Amino acid sequence: MRANTADPFNADVIAAALDKPARFRLEVIDRCESTNSLLLDAAQQGAPSGSVAVCEAQTAGRGRRGRGWLSAPGDSLTFSLLWRFPAGLSAPAGLSLAAGVAVARALEGLGAAGIGLKWPNDILADGAKLGGILVETVTVGGRHIAVIGIGLNLRLPRAIAEAVDVRAGSLDGVMPYTPSRNLLLAALLNALATTLEAFERVGFAGLADEWLARNVHAGQRVLILAEGAAPLEGRCAGVDTDGALLLDTPAGVRRVVSGDVTLRPA
Ligand code: ATP
């Protein structure tokens, strides 16, 4: 696949565009299976909060429930950020929604139009999926460590558009220019740091309004699909302060917690 050699990842260029460079430890990797897997292993070895792995060719990128995340060298940005939460903070529910708010803030700050969020972890623009978020957690020494993996399509090679079972999109369709991947990554890390610090203080509750403002299914009829269970249909009534989806059903408002469920338009 064609690699965009005019725009290689460069840790110095990324660091120069960070608001707080000392907050991060950047590693640029040519090829790996999954940046989330790398950082989950690194977490066990004591890697510091703010460790970032960005990879040009991810060969086995993951989505939720073992589904794949596809990327193309030069046309995608795939990276993961390791974040340690203070002792005593409970398991970070709502974290993938908080990360979605950070991604939306960063993309909009760079001029992207029409960015929307689909519960719990997709980044859309004009109904097309241009990014995904996979949050995985480990507990080491009683403290929760999250690895936040983010994949974004800058351009969309036909091979990816045809291989995925959703309508895929890319940033070049919703931005007036295609940003340098180094500057895009720095903008995302700046937004993630601000958002995660807010999340540490007040949880998802402090970010819920921003998430709701970009909820692509607000007020729409949706289906919640879970393996081994009948589909649950209702009207999307937003999200709760912990990030759970609120579904208006004939039996009342149901809370759907993120995990092994998929949301589809009804
Ligand atoms: P869904 O969006 O179908 O609810 P999900 O949230 O369960 O999916 P994710 O974890 O976001 O899944 O990502 C995996 C899915 O994303 C894949 O099954 C595929 O349909 C889609 N996908 C994979 N790579 C890309 C890509 N580069 N661009 C857009 N969509 C992709």
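In this predicted model, helix α3 passes helix α5 in a right-handed crossing, a crossing being right-handed if the near helix is turned clockwise from the far one by less than a right angle, and left-handed if anticlockwise. Helices (H or I, at least four residues) and strands (E, at least two) are DSSP runs, numbered from the N terminus. Two packed helices are described by the angle between their axes and the distance between the axes. Here the axes of α3 (residues 95-109) and α5 come within 8 Å and cross at roughly 135°; axes are lines fitted to C-alpha atoms, for helices over the stretch in contact, with angles from 0 to 180 degrees between N-to-C directions. The two helices are therefore oblique to each other, since angles under 35 degrees count as roughly parallel, over 145 as roughly antiparallel, 65 to 115 as roughly perpendicular and the rest as oblique.

Which residues make the contact? On the α3 side they include L95, A98 and V103, and on the α5 side L184, L188 and F199 are among them, with contact meaning heavy atoms within 4.5 Å. By class, this contact has 14 nonpolar, two polar and one charged residues.

Charged side chains can be followed next. Side chains of opposite charge can pair when their charged atoms come close. The model has 16 salt bridges, each a side-chain nitrogen of Lys or Arg within 4 Å of a carboxyl oxygen of Asp or Glu. One of them joins K20 and E197 at 3.7 Å, N to O. K20 sits in the loop between α1 (11-16) and β1 (25-32) and E197 in helix α5 (residues 181-202), so this pair ties together parts that are 177 residues apart in sequence. K20 is partly exposed at 47% relative accessibility, and E197 is partly exposed at 22% (buried means under 20% relative accessible area, exposed over 50%, partly exposed in between, with a 1.4 Å probe and protein chains only).

R67 and D165 also meet in a salt bridge, at 3.1 Å, N to O. R67 is partly exposed at 34%, while D165 is exposed at 61%. A further bridge, between K118 and D122, spans 3.5 Å, N to O, and both residues are buried. R105, E108, E210 and R214 are linked in a network of salt bridges.

Residues are numbered from 1 along each chain as its sequence is written. In this predicted model, local features need pLDDT of at least 70, side-chain atom pairs count only at pLDDT 80 or more, and totals for chains, interfaces and linings use all residues, while side-chain values use heavy atoms, leaving out hydrogens and water.

Terms used. Nonpolar A, V, L, I, M, F, W, Y, C, P; charged D, E, K, R; others polar.
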